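Dear colleague,

Please read them with the model open beside you.

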Amino acid sequence: MWIIIGLITIFAGIKNLLDKENPSRIGTAVFWCSFGVVCAFGTWLPAKVSGALVIVMCMPPIFKRVKVGKTNAPTKEYTKSQYAKIGMKIFIPALTVAVCSLLFALFTNISSMVGVTVGVIISMLILRAYSPDNKPKVFLEGSERFLSMMGPLCMLPQLLGALGGIFTAAGVGEVIAGIVENVVPKGNVNLGIIVFAIGMVLFTMIMGNAFAAITVITVGIGGPFVLAYGADPVVIGMLALTCGYCGTLCTPMAANFNIVPVAILNMKDRWGVIKNQVVVAGIMLVVQICYMIIFK
């Protein structure tokens with residue numbers, strides 16, 4: 001999956017380098033090509049080489065040299081005509097990706113990311129069956145267009161995920177444990193669960209990534225104040241992560257979820273997505289805390 005993403009990203013870099021309408025061709029190409037090489041080949045590259053590429057990748061965004069060039073977006077008239085032909089069947093390809101990911105996760109020992117890749121390939125075949133206009137070039141250019149719309153924000157989840165590992169290694173979890181120890185009495189599992197869940201929400205809002213937050217908050221709160229007193233790690237771990245997702249709904253740091261849709265939908269209110277999710281996030285947080293307390 002990451003190899004495919006990396007190759008598409010490299011294509012985005014090359015396309016922008018050749019795009020005379022892009023006001024910053026070189027900076028944009030350096031960013032996307034560096035990002036693509038790390039995504040596609042980072043597993044096999046020496047750590048120092050990958051680190052150097054990440055530094056190179058960060059330079060163009062810092063100096064605002066990543067720009068959007070010429071895009072091949074379909075016209076509104078074409079989109080309406082295609083919808084008239086396809087209708088609600090357009091959701092089948094998206095559902096296919098989710099189903100394939102779930103099947104691989106539940107019934108094989110293969111990573112669900114491979115399932116996502118298989119689902120994407122099947123979805124492309126379905127879309128090709130829907131319309132002969134959906135040629136490989138359309139998928140490639142469409143992927144590049146969405147990458148360009150997201151811009152440097154697309155690297156935020158990966159960087160924040162790495163930051164979570166750094167925080168854990170630096171002992172941030174132990175520092176949090178020392179602070180929480182003054183608030184939560186030892187042995188009060190219910191209060192520990194509440195603090196654990198809220199901590200996941202807040203740290204996810206800071207980090208923008210629940211996966212980055214859960215390692216730090218589990219070390220600092222979940223382990224010593226909840227799991228250490230016999231709570232079921234399966235129930236607590238699973239729901240603590242979904243509590244973090246409640247934080248994802250409420251933060252601009254989760255750019256792919258809350259900032260990118262604003263750009264794609266051309267929303268006037270840049271906080272519009274978050275405003276519409278806050279109430280849902282609050283309700284789900286309460287439900288998940290109650291569930292953890294009941295089934296701990």
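In helix α7, the residues Phe139, Gly142, Glu144, Arg145, Leu147, Ser148 and Met150 are buried, where buried means under 20% relative accessible area with a 1.4 Å probe and protein chains only, and helices are DSSP runs of H or I with at least four residues, numbered from the N terminus. This is a predicted model, in which local features need pLDDT of at least 70 and side-chain atom pairs count only at pLDDT 80 or more, while totals for chains, interfaces and linings use all residues. Residues are numbered from 1 along each chain as its sequence is written, and side-chain values use heavy atoms, with hydrogens and water left out.

The buried residues of α7 pack against α1 (2-17), α2 (25-41), α6 (112-130), α13 (255-258) and α14 (260-264), contact being heavy atoms within 4.5 Å. Just after α7, Gly151 takes a positive phi of about 65°.

Another residue with a positive phi, although not a glycine, is Lys64, at near 55°. Lys64 sits in the loop between α3 (47-62) and α4 (76-86) and is exposed, with a relative accessible area of 65%, the cut-off for exposed being over 50%.

As for helix packing, Ala210, Phe211 and Ile214 in α11 meet Gly237, Ala240, Leu241, Gly244, Tyr245 and Thr248 in α12. The residues of this contact divide into six nonpolar, three polar and no charged, with Ala, Val, Leu, Ile, Met, Phe, Trp, Tyr, Cys and Pro counted as nonpolar, Asp, Glu, Lys and Arg as charged, and the others, Gly among them, as polar.

Conventions
Helix = DSSP H or I, 4+ residues; strand = E, 2+ residues; numbered from the N terminus.
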